[in-house]
Amino acid sequence: MPSLLLVEDDPSIRMAIELALTRQGHRVTTAATGEEGLELWQTQRPELVVLDVMLPGLDGFEVCRRIRRTDQVPIILLTARSDDIDVVVGLESGADDYVVKPVQPRVLDARIRAVLRRHGGSVPDQADVAVFGDLSVDRSAMIVSRAGVPISLTPTELKLLVELSRRPGQALSRQQLLRLVWDHDYLGDSRLVDACVQRLRAKVELVPGDPQLIRTVRGIGYRLDPPR
């Protein structure tokens, strides 16, 4: 039974989501503020965090940033607005996905399970390693390293890099990447891909502002190139 931390300040919404997720087989701990959420995250170490953006005191963006300083636990944001700015700020803060309120319990449960699948990964029976210069993507152990030094990636960043590494030199559209990484392809969610690519470049490119591995294919999406 997956352990989840739900941080939501509205009591009625918090109770409704907790009840719905519990019925779906999740073990849910709740918090009403960002500060309380951080305390519970530190003491209970949940497998996933569902985090409201608009919280009293520390907002969801700041809570997400603080968790990401030391932990790659999957994070799903709840936002009352689908404004691009809100969504992009949240994703750039390190969130893996987002769900717009009012929350549909089945949609949230599906997103949670998709993120947890990425977090768990799949382990093939034999070694499966792709090498791009000094960057190594071990798809069997789900470990990325540069010159032998492991690179800490979120489950979504890791899944994105793994999928790109399976198709070196091939341009993948944002919709293809949404299906491969996020298990859905809603047209409005292409910003999930762009924000995740930006975060991934910051970790795996030698010069993130001049990417040599993860290339933008104008009008299409992205491809992973071996270094020249």
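Which residue in β9 is the bridge partner of Arg-146? Select Arg-146 and look across to β9: the partner is Val-149. Keep in mind on this tour that the model is predicted.

**Confidence first**

Colour the protein by pLDDT. The mean is 88, and 92% of the residues reach 70 or more. Then select residues 121-126, where pLDDT stays under 50. For this stretch the model has eight contacts beyond four places in sequence. Where pLDDT is low, the predicted coordinates should not be read in detail.

**The open sheet**

Next, select β6, β7, β8 and β9. These four strands make up an open sheet, in the order β6-β7-β8-β9, with antiparallel pairing. At the edges are β6 (129-132) and β9 (149-150), each of which pairs on one side only. Return to the place where the tour began: β8 and β9 run antiparallel and are joined by two bridges. Arg-146 and Val-149 are bridge partners here.

**A serine in a loop**

Stay in this part of the chain and select Ser-140. Ser-140 lies in the loop between β7 (135-138) and β8 (143-146). Is Ser-140 buried or exposed? Its relative accessibility is 13%, so Ser-140 counts as buried, the cut-off being under 20%.

UniProt lists Asp-52 for "modified residue: 4-aspartylphosphate", in an unreviewed entry. With a relative accessibility of 2%, Asp-52 counts as buried. What does Asp-52 touch, leaving aside residues up to four places away in sequence? Select Val-7, Glu-8 and Asp-9, then Gly-60, Leu-78 and Lys-101: Asp-52 touches each of these.

**Helix α7**

For the last stop, select helix α7 (residues 174-182) and show the side chains of Leu-177, Leu-178, Val-181 and Trp-182, which are buried. Turn the view to look down the helix axis. Why do these four lie on the same side of α7? They cover an arc of only 105 degrees around the axis, and that puts them on the same side. An α-helix has 3.6 residues a turn, so residues three or four places apart point the same way. Finally, step just past the end of α7 to Asp-183, which takes a positive phi of about 65 degrees.

Key. Residues numbered from 1 in each chain as written. Predicted model: local features only at pLDDT ≥ 70, side-chain atom pairs only at ≥ 80, totals over all residues. Heavy atoms only, no water. Buried < 20%, exposed > 50% of the residue type's maximum accessible area, 1.4 Å probe, protein only. UniProt positions renumbered as here; feature names shortened; annotations may be inferred. Contact = heavy atoms within 4.5 Å. pLDDT = per-residue confidence, 0-100. Arc of directions from axis to C-beta. Pairing = 2+ DSSP bridges.
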